[in-house]
Amino acid sequence: MSILIQNGTLILPQGPVQSDLRVEGETIVQIGPALPVGESQVLDAAGKLVFPGFIDTHTHFEMNKGTLRETADNWATGTRAALAGGTTCVLDFAEPERGCSLQSALDEWHNRAGGNASCHYGFHMTIKDWDPRIRAELPAMTAQGVTSYKVYLAYANIRIPDAVAFQAIEAVATEGGVVGCHCENGDLIDCAVARLKAAGRLSPASHPLAHTPAMEAEAVTRWLALAEEAGYPVNVVHLSTRRGLEAARAARARGQKLYLESCPQYLTLTEECYQLPGFEGAKYVCAPPLRAQSDVDALWEALSGDEIDTIGTDHCSFRFNPTKMLGRDDFSAIPGGIPGTEHRPCLMYTFGVKAGRITLLQMMQALSERPAKLFGMFPQKGTLAVGSDADIVIFDPDHTWRIEAAHQYQNVDYTPYEAMEMAGRTDTVLLSGQVAVSGGKVIRESLGRYIRRGGAQFWR
Ligand SMILES: [Zn+2]
């Protein structure tokens, strides 16, 4: 099976180039102007942008499985939504039960995803316990293609002490992987929540008050200090504040290597959403929370200056009714997380490229190339190059439309981006050389495969 993508603007590593691209089987075999059609099926991409498949570095599908607080999107619906938007690979967080092995979590996540995924997938591993037994599992994780880890500095049920974070960085360093961190000061969050509740301030408006910019900045600073002591690069996931960014800038100015992820919600929404009437603010409860416009502006500036490396979504969808409602009488009981994996590419195109804040090349780098490098998938994924996997997005930069929960693939009863006007849309997606999305509709499901990843490729 051979497909020729004709007349498109390819977003290549050196920038946009008018060119054709041929796929044979699952691989890109030819890139160049005016390629002969031959036996190939032709996809006309005139006036369209051709990207390497987008990689979502941060999803939580099928979380809290079997509980009242189960996420709305499982592996089938979550990856179908991701694919519809142009994401051809997601990296989801496998999380062991307390006291259980990393292998038990990896097995469980394979069970959940296997045969159900409509885009390719890999797993980050969450470290919540640390002992010689867990430490000894790391080589087996590497051998199974898990090379990235996550730790939390907040949340009673999952946070780890600084010493563990430090030892985890050192241990992952010997494997050539990378550790990301949820950077918020857990003690201060707990204090603030207790005080707000004691004062009877129980609405979603209290949520950002319990997760202040100082709490993020302190944890980013501490995390980077731990990494400095360990002498190994780390990742900061879902950076949301100017102050957190400044902490990272200061570390870089001292010569430290580090990587930053942010998310569309921190680039397109603000904390005003928590003031919405009734319980509407609950739809935006995620951690870290949405921030001030000055933070949004600072993150865009950092993205345009190539200081932010990757854009993931932290997709963690909960139904407004009944799941978010669990916190109707207590903001701290609102399940934290919002949907977004379906809309990340069009949001970044609309508010980034179309608004003149970033270039097409920068969008490609943040959504495809750098995720593939940092998480050990490059150059098979993350680039349009001869020999690379044929995971390809044909994006229509002239198709204006509105995001509406009523017409989304995400299996959730709202979207934080409701009624937002989009300047472009994913039209066609090739997954391993097969047309899986056409005209914005998913036409082939369950083709997703597990991606066995290699070590991190650091470029800074
Ligand atoms: Zn997350």
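The radius of gyration is taken over C-alpha atoms, and the rule for a globule is 2.2 Å times the number of residues to the power 0.38.

**Figure 1. The whole protein chain in a predicted model.** For 460 residues, a compact globule would have a radius of gyration near 23 Å, and the protein chain agrees with this at 21 Å. Along the principal axes, the C-alpha atoms fill a box of roughly 70 × 50 × 45 Å. The secondary structure of the protein chain consists of 12 helices and 19 strands. Of the 460 residues, 55% count as buried. Among contacts with a separation of 6 or more, 75% are made by residues 24 or more positions apart.

**Figure 2. Domain 1 and domain 2 of the protein chain.** Domain 1 is made of two stretches, 2–50 and 385–442, while domain 2 covers 53–374. The C-alpha centres of the two domains are 27 Å apart. In the contact between them, 31 residues of domain 1 meet 37 residues of domain 2. On the side of domain 1 that touches domain 2, at least two residues each come from β2 (15–24), β14 (392–396), β17 (425–431) and β18 (434–438). Strand β17 gives the most to this side, with four residues. By type, the residues on this side of domain 1 are 20 nonpolar, eight polar and three charged.

**Figure 3. The packing of helix α11 against helix α12.** Two packed helices are described by the angle between their axes and the distance between the axes. Helix α11 spans residues 344–354 and helix α12 spans residues 360–374; the angle is about 145° and the axes are 10 Å apart. The crossing of α11 and α12 is right-handed. From α11, the residues P345, M348, Y349, G352 and V353 take part in the contact, and they meet L360, M363 and L367 of α12. Seven of the residues in this contact are nonpolar, one is polar and none is charged.

**Figure 4. The burial of helix α11.** Nine of the 11 residues of α11 are buried, and the helix is mostly covered. The buried residues are R344, P345, C346, L347, M348, Y349, T350, G352 and V353. Just after α11, G356 has a positive phi of about 80°.

**Figure 5. Two cis peptide bonds, at P322 and at P379.** Most residues other than glycine have a negative phi, and most peptide bonds are trans. The bond that joins N321 and P322 is cis, with omega about 15°. P322 is in the loop between β13 (310–311) and α11. The bond from F378 to P379 is also cis, and its omega is near 5°. The loop that holds P379 runs between α12 and β14.

**Figure 6. Positive phi at Y155 and at A419.** Y155 is not a glycine, yet its phi is positive, at about 85°. This residue lies in the loop between β9 (148–152) and α5 (162–175). Is Y155 buried or partly exposed? Y155 is partly exposed, because 15 other C-beta atoms lie within 10 Å. A419, also a residue other than glycine, has a positive phi near 70°. Its place is the loop between β15 (401–402) and β16 (421–422). A419 has 9 C-beta neighbours inside 10 Å and therefore counts as exposed, since the cut-off for an exposed residue is 12 or fewer.

Methods: Residues numbered from 1 in each chain as written. Predicted model: local features only at pLDDT ≥ 70, side-chain atom pairs only at ≥ 80, totals over all residues. Buried ≥ 20, exposed ≤ 12 C-beta atoms within 10 Å, placed from the backbone. Contact = placed C-beta atoms within 7 Å. Axes fitted to C-alpha atoms, helices over the stretch in contact; angles between N-to-C directions. Left-handed = near helix turned anticlockwise from the far one by under 90°. Nonpolar A, V, L, I, M, F, W, Y, C, P; charged D, E, K, R; others polar. Domains from an automatic or database assignment.
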